[in-house]
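This briefing is intended for a reader who is new to the structure shown below.

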Amino acid sequence: MSTANQAGAVVSQRWPRIGNRSKRVLPGFGLSLGISLLFISLILMLPLTGLVMEVSAMSFDQFWFVITDPRVVASYKVTAFSALAASLFNGIFGLLLAWVLVRYEFPGKRLIDAVVDLPFALPTAVAGIVLATLFAENGWYGQWLSKLGIEVAFTPVGIIVAMAFTSLPFVVRTVQPVLEELAPEDEEAAVSLGASDGLVFRRVIFPALWPALLTGVALSFTRSLGEFGAVIFIAGNMPYVSEVTSLMIFVRLQEYDYAAASAIASVILLVSLVMLFAITLWQARYLKRIEGR
Amino acid sequence: MTITVDGINKRFGKFQALNNVSLDIPEGKLTALLGPSGSGKTTLLRIIAGLESADSGRVSFSGKDVTKLHVRDRNIGFVFQHYALFRHMTVAQNIAFGLDSLPRKQRPSKAEIQKRVGELLEMIQLPHLANRFPAQLSGGQKQRVALARSIATRPKILLLDEPFGALDAKVRKDLRRWLRNLHDEFHFTSIFVTHDQEEALELSDQVVVMSQGNVEQVNEPTELYARPDSRFVFDFLGQVNVLSGEVKHSRLTQGSAWVTIPGIEHQGNVQLYLRPHEVRLATAPVAHANLPLRIEAVSLIGSEVRVELRPEGWESEGSDNIWEVGISHAEFNQQRPTRGDLRYAVPEVGHLFTGKDTQPVTVNWDEADLSPRIRLIN
């Protein structure tokens, strides 16, 4: 018994113990947690449960048949590959953008900082139409690119462009605060020890940014997996070549096959959840190590 | 390596951080840059390191101009107030960083680096913590690791920016002693920045007192303490009791207080500065001084008993209007001064400022002047 009590005591030092009101300093724990849980349930969990319910109406064979349909499998490949390419591009470009926004002073900095959020604010369909127009063969970008023999609109490359556009803010906004909080002394210490600029970046700055960058890229990737509005206008939507999974869901919906739509959606959901969960776990371990918690 | 600083100016916007500063730092000595915050001491250190560039002026190491040389090529060790350890690296990796960063041709082999890190870990007495991360260390341990890291590449110059500023009193004292030993062993030319006069006087071979971007005075600690050049240095180097008043016929008077000053020809306003240990307390006025004070507080902590007194019928200069006198514990046990008692301060040595920017004149009240009868009262 006594060991159980000791364990309990250790836990209560770190976390407010539920049901022991007298020891808590911050008021409102019960109320705020209650409201948060209610909203998470109503807005996140309930719809997801609905999805699972819909799927569970199918037998496993039916489910497997729907999600392994060759056209759907091809769309997984296109989606995953494009999302990966887009999120990697964003990883590099977003890091650069965050770096410029944090490290340098220049006219128009505030404006660029605000413009970064535009993909979040803009309806994705609008973005899709604009991108399709720009990259079409007679569009502003498209006419030059076609001379180089590069086709973007209505090809898988177009999907990457659309995905990169809509998910760029994820990387910038996760990396930016971490970059802002980096102590200048760390870099000064490294330089005073004789390190070159490249080495300072590689061994001092990048390891500090790495967890945030990975989170940003993962968010960008999962967002891209489900992107619909921006993609369908520019993708061309050719079966087996440039159809994304969210389009397949849409097609099933139009056929009033809700169960099949839910089945495909559940695949995306599962992949996203597993990825986010894995990254959160990894990050917690990494931070635990360097922060000594 | 000697360090020469020649006519350094530095401005941050409208703020003149350094105003035409010139300095010579002797080889192998431990020099303290001492001053209040905003005096420019840290800026000067950073300019010597090359972390900041001066608007004008030159820095040279052993006669070689390094003003334009990048910090990474100056081969200095720099220690930061908040350690600046790389938190994603272990203690051993932190210490090895300077060696790892050497260009391939100069870089020692992996085994040699490991050996050197091992030696440094022994030196800072933390070999058992080699694989810990900085977050798992105490403040004192972190600063020792930072020191080991900064000297891993054997720099000739060691620069420390308030190295003990973030540590608590006990650790600070230990680390101070340890730094002094380290310095004596390796004979760096070291400069450390501090705002703590006690630390500067205790630890260094030479103290540079700075104020508002200027060098006020440079001297050895004992000389500096005994003979400050200016009111600022006097004030800054510790508690001081001030009697300011008018001199007429060799007598300095203010309200009910007076002190005779032997051999003074000056007439007019002067200030008499007295350190707490240059004053005795008597129960009656003496022939050469009448400085009545009432005891406000007695502090028994430390090697000396500190008595705080408030002037009675006159005023001390300074915001708190308090005089401080140090007496020995033996004296305390004899006299038992308590709050509310009246005492008379008896100056033994004083420092007289007459003009505005003049150096002080040291005044000695000859022992013979004090009649034996009055001395017995103590």
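Strand 3 (residues 30-34) and strand 8 (residues 189-194) of chain B pair in the parallel sense over five bridges; strands are DSSP runs of E of at least two residues, helices DSSP runs of H or I of at least four, both numbered from the N terminus, and pairing requires at least two DSSP bridges. This is a predicted model, in which local features need pLDDT of at least 70 and side-chain atom pairs count only at pLDDT 80 or more, while totals for chains, interfaces and linings use all residues. Residues are numbered from 1 along each chain as its sequence is written, with chains lettered from A and ligands numbered from 1 in the order in which they are written.

**Sheet of chain B**
- B:Ala32 stands opposite B:Phe192 in strand 8 of chain B.

**Helix 10 of chain A**
- Within helix 10 (residues 184-192) of chain A, the buried residues include A:Asp186, A:Glu188 and A:Val191; buried means that 20 or more other C-beta atoms, placed from the backbone, lie within 10 Å of the residue's own.
- Just after helix 10 of chain A, A:Gly194 has a positive phi of about 100°.

**Contact between the chains**
- Chain A contributes 19 residues and chain B 20 residues to the contact, for which C-beta atoms, placed from the backbone, must lie within 7 Å.
- On the side of chain A that touches chain B, helix 10 of chain A gives the most, with seven residues.

Conventions:
A residue is buried if 20 or more other C-beta atoms lie within 10 Å of its own, exposed if 12 or fewer, and partly exposed in between; C-beta atoms are placed from the backbone. Two residues are in contact if their C-beta atoms, placed from the backbone, lie within 7 Å.
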